[in-house]
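Hi,

Here is the structure I promised to send over. Have a look at it first, and then read on for what turned up.

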Amino acid sequence: MAIFEGQRLDEARAIMARYPDGRQRSAVMPLLYLAQSVEGSVTRDALREIAELIGVRTAEIEAVATFYTMLRPRPTGTHLIAVCTNLSCALLGGNDLLEAAHEATGIPAGGEISDDGEFSVHEEECLGVCELAPVIQVNVANHDRVTPERVREIVGSLRSGDVPEPARGPAVESFKAASRILAGLEPLAEEGATA
Amino acid sequence: MNLTIDGKQVAVPAGTLLIRAAEQVGVEIPRFCDHPFLEPVGACRQCYVEIEGQRKLFTSCTTTATEGMVVKTQNTSDVAHEAQVANLEFLLLNHPLDCPICDRGGECPLQDQALAFGPGESRYREAKRVYPKPITLSPLVNLDRERCVLCARCTRFCDEISGDRFIEMFARGAAQQVRISAGEDFRSPFSGNTVQICPVGALTSTPYRFVARPFDLSTVDTVCPHCSAGCNMKLDMRAGEVVRQLARDNYDVNDAWLCDKGRSAFRFPDAPDRIATPLIRERGLEPASFGEVLTRVAEWTDGARVAILTGGRLMDEDYYALSKLARTVFRTNDLDHRRAGDTGAAAAERHAAAKPMSLTYDDVETAAAIVVVGLDAEQEVPILHLRLRKAARRGARIWVLHPRRTRLHDVATHVLCAPGDEARLLAGGANDTLDEALAAVREAGAGAVVLAGERPGAADAAKRAADATGARFQYVTRRANDRGALLAGVHPSLLPGGRELDDVDDVEAAWGPLMNREPGRDTMGILRACADREVDVVFLIGVDPLRDVPDAGLVRRALDNVPVKIVQSLELGSLEPFADAFLPASAFLEKDGHVSTWEGRGQRLRAIRGRDGISLADWEIFASMALACGGDLGFETLDQLHDEMGRLMAAREDGRSEPGAGTFPAEVEPGDALALFTYPLLVDEGRLSEGADELKAALGQEPFVELHPSDAAAAGIVDGGRATVRTDAGAADLPARVTEHIAAGAAFVPFNQPGLAANTLFSGRMVTRARITPAESDAAPEGAEAVGAATGGGA
Amino acid sequence: MSESHRVLTAHWHDPSVIPLAGYEAAGGYRALRASLGMSADELIQVVKDSGLRGRGGAGFPTGMKWSFVPRDSGKPTFVTVNFDESEPGTCNNRELVEREPHALIEGSAIAARAIDCHLAFIYVRGEYLWQGQVLQRALDEAYAAGYLGRGIMGGDYDLDIVLHRGAGAYICGEETALLSSLEGFRGQPRLRPPFPAVEGLYESPTVINNVETLMNVPHIVNNGADWFKSIGTEKAPGTKVFTISGKVERPGNYELPMGTPMRTLLEEHAGGVLGGRALKAWTPGGSSTPFLTADHLDVGLDFESVMEAGSLLGTGAIMVLDETDCMVEAARRLVEFYAHESCGKCTPCREGTWWAARVLGRIESGHGHEEDLPVMADMGENILFRAFCALADGAVSPIQSTLKHFMDEYEAHIREGRCPVTGRGPGRERGADHPAEDDRAVPDVTFAGAGPFEIQGVPS
């Protein structure tokens, strides 16, 4: 089944229309986010369909998709926990948060996704919240001044279906939901943690 | 700009890069990512130079010369030298010690630089980056990622030059690597160029992998025998066997490029069925001597009605000798080199024959407005396609009038027209886009170019449009030396130099009196005459009409009925049941002489090895044949022939402009049949591609029939389904491709793919009427979609 | 502390300015209205006169940048707002947008007006998901109120602003890489010349400005160039929103006049070093700027003074390390950052950061060798100013400055086989000059996935 059909095709067209005529290639990144919001990661089908929409080769889309950290080519958990370990966060315990995240989610160091598909943990570079270090993001929503204990709490919450309120802004239900927002679209009405 | 490099003064045009300027004073600055035909990127950082007055070093590949600049290269600047050494250290950090098994060893810029000034020992104690290797980008190209220095020459070539963006850089940082998208192989007819320009052994050619070391090779400069582009090549041989063909730089012809067919299809001269000795049927096709065979030929042709068919493979000198032989010894004008004889291109032919070099590659590149009519350059003359893309990059506006979309579609505006409709559209007032094109052409005057190809009806219509707008024109045909044949008058109504049959003065001065001034029969006429027993002896020289002529049925009848068939070629092939005598010709590898590009540019062919067996160059056979028949062509050496030729074939005024005698319907008649047209794709079952297995694996296609959605819908045919194509001549069951990139009312089958010799569907022209219906069993065949869409109607 | 120096942060205590009504009530969009009544040349002149310099790190005079844009090229002009803020230690743009998003819109619109641009883009980093939403909401409000769109404020000037999100690449904060990314290509920097002002986005004249830079513009239009020049230093007028983080009591974003000494920021605003410990090292402008030490506390935080002290002001992102922090670890982590973020285009950055990260990792974990130090020094020399863009130069800063100021720590790691500050490491007996052969069995830096560098691509 095609990713970009029906309403999503309309959305894709609307995204492409944000850019000047003949410059629809600029829509690659939001289209990749949109595909990611549907499939949970950037799949081969997504690359092909986007290439067709824009009128370029699949390789040209894959070249862009593989350049960026937030476009994830491999299966990603429902919830993405991103932990900053760059300098300011590391100075205040960021590495401990990373360890706690791995432990709490059951993902071994070097692994990418928990066995039940619920979580992914990613070590991040500076997330731009240094004054409130150490920080993590849950589905790209900020949690500031986090402790290892808090990490375990958050993971526990997520396991029981509760997305904790972030430090600023509304909770983001899932990595897919985050991707949809990043595509510049309003969250879907029935947004939940379902695939 | 006047500047100083390493103390030497040099003057260069404004805009010249320092790296080029340095070359002019004999200084080669080391580089990887720089290439004269690619836009500078400044990625490898190897080419550092010091510029007086500047604090930082500059990359000479991205810096243009300015007046009074004082530049110091690695030869006179310690800082620049040390920067280059440091950069080399960085490049070698992760480079594997693959030299012993790497094809590039011995001709590798990285190796050369490391040897010249690189660190002798590595200071790197960490683990190197390793990747699984090699990965197959296509049946022709392999990639060893560890060797890659990420100069991006390959991806830039595919982006800037060929436009086939199959390979790209994926990931970033130290993980960056050249890749294809899984399932979308590197199906470009130009992929081999990336192997040639790769400065290390990351990209290697499958047919050449592990085959030879450069110091084992002897190299000869020659010209590619495959199409009229006339690409200059270097042939590498080891122990008498051709192991590799590379592009040779010629900025006037092929820049630095060669298509994959030119690179890989070199095994045909050594095909197992090559025959290097004369044969005679009466002795059961046993070897005979030239003397014996030519004596029989003389007997057969004495007072007989003789006709001559040839193709596009011979040299200029061969054709000249043949033209003279036909007229002075056999007294016939029944000779033709054209696949389908007259195709309504009389005015175009006369122009081409009379005006060689009136339009060159350079003219195409620098034109402001270009109209391409009836030509699929990427498939038929690939390097011309690249030159058209180059023109587009320089800002030329390009329009293509063709029954199906070509791979210029991203840089040119296409008007799809049914075959035969060109004249009506080019006359003006029938199509807004074309009118716009014609207006642009008119405005550009001599800066406008019209190129016409072999689609029936296209060439003369294009010539008329060119004449009406003042644009420069040339007729482009596909085969390697069609132009040489035309220039030499291997044509029923033309003498050498495009002279009409009654324009004999110069010719008779060289040849003696010409007895026969009646226009002869063209290819189709010859074949019909053979079938009707109105010809006694037919010569088939470097041609296989059973494969090449668009009327297989007629050719069979012709061969069945004509009493004597004399074949002169490298092999008998499908003519084996028919030949009464065989004369062994030498292959292009074994010949000295010239071939002419579509421009009419004669280029030197050089023998790389001795003649196979007792084969001879075609012109030599003709000369001996003349003597055996009681005549004399009057030359014994190539130089003598060449002198005589040169006098007769210098450029002259255009010939007549009215269309010639060929019958050709101006329009496709309405009705529920489609106009089925054909032409050979680049990679097909042609004789010259014999043995090029990797090429066919990479770029070959199954046969198919291509039609427009409106016609498909009317007939009930689905994309990926199968269709039955029925014409007056025959029928075929083929996979169907439905695409909007073909003119409505038209349908296309490729001429010669494995499994379909399309000439069984046609009746003497490269276009016919066809009824196309869904096949009996309409299940979509497996793999119908998987066939690479690298050409024409695809992406 | 004088409140008159709170220009950009004047309303940070007042969340009512976030929605449009509150922003208007506080005087918002007055400057835009005024700028519609000025000619492009007048606008450019006032910004030039103000001496405003880019706040994104390069410090290039903003008015001059705007003046380079040809308005008669026949091509459309573009303004691109660089909200990619990814320099480690930097968060001022983020908070500025969270607390007063309309100020960015107004500043961008004025910049657009100055170069006759009708379509502007805001490139926001992907990780700023919520901040992007805040901006989009503000954009929607601005459109609804007629501050954007056709005929803004009832006049005949049209302007559209489109939000474009990044996807996690620090290099996209580099001007030409940003444009490349915005055009839908890989975010790799491009050759200059041609400069973006002449041939930038979509081969057209383009101005790229930092968020903080643009947020100064409405104030300059409202209050005049002289007012702006009265704040800060002669060569660097205006204020700077400094970020201070790491080992301090009160990390945060603080707006102070350009040229404020580090000591003032550290002690008066950020409460001094955390727990009263001794300051060991600090960056003036994010990870790309060389570390300074306690010896430099009186350096004024402006472009010229910091440069004199041997570092760079950069983004004014101060990260503070104390006596319990290992400088080798800090250097290693920062160099790893550059290795992760290197775009890969050019040799010295791609290979140099790879190599440096590995050597530093080995030294940090107690497996260093004496030869590593001259190699690291060489590496720094061979990367600095040798790469395609300044990302590599940023990577060299932590290397060279830690080698310069903290050589003893490196030597101790190598000699002892463990960190002198944290005690971590295997330790080793050392008597001889050269390491024993079995010391070569160093632990390789491990990578996730099948092999060390299996492509981070879509599985087949």
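Predicted model: local features only at pLDDT ≥ 70, side-chain atom pairs only at ≥ 80, totals over all residues.

A polar contact here is a pair of N or O atoms within 3.5 Å, where, within protein, one must be able to donate a hydrogen and the other to accept it. Going by that rule, 24 residue pairs are in polar contact across the interface of chain C and chain A, both residues of each pair being at pLDDT 80 or more.

On the chain C side, helix H13 (residues 327-341) gives the largest share of what touches chain A, with 8 residues. That side of chain C splits into 31 nonpolar, 22 polar and 16 charged residues. In total, 69 residues of chain C and 56 residues of chain A take part in the contact. Together the two chains bury about 4800 Å², and carbon and sulfur atoms account for 58% of that.

There are also 4 salt bridges across the interface of chain C and chain A.

Beyond its neighbours within four places in sequence, C:Glu24 is in contact with C:Tyr29 and C:Tyr147. The C-alpha atom of C:Glu24 is also 9.2 Å from that of C:His102, a residue 78 places away along the chain.

Cheers

Key:
Residues numbered from 1 in each chain as written. Chains lettered and ligands numbered in written order. Heavy atoms only, no water. Contact = heavy atoms within 4.5 Å. Buried area = accessible area lost by both parts, 1.4 Å probe. Salt bridge = Lys/Arg side-chain N within 4 Å of Asp/Glu carboxyl O. Polar contact = N/O pair within 3.5 Å; in protein donor to acceptor, adjacent residues only side chain to side chain. Helix = DSSP H or I, 4+ residues; strand = E, 2+ residues; numbered from the N terminus. Nonpolar A, V, L, I, M, F, W, Y, C, P; charged D, E, K, R; others polar.
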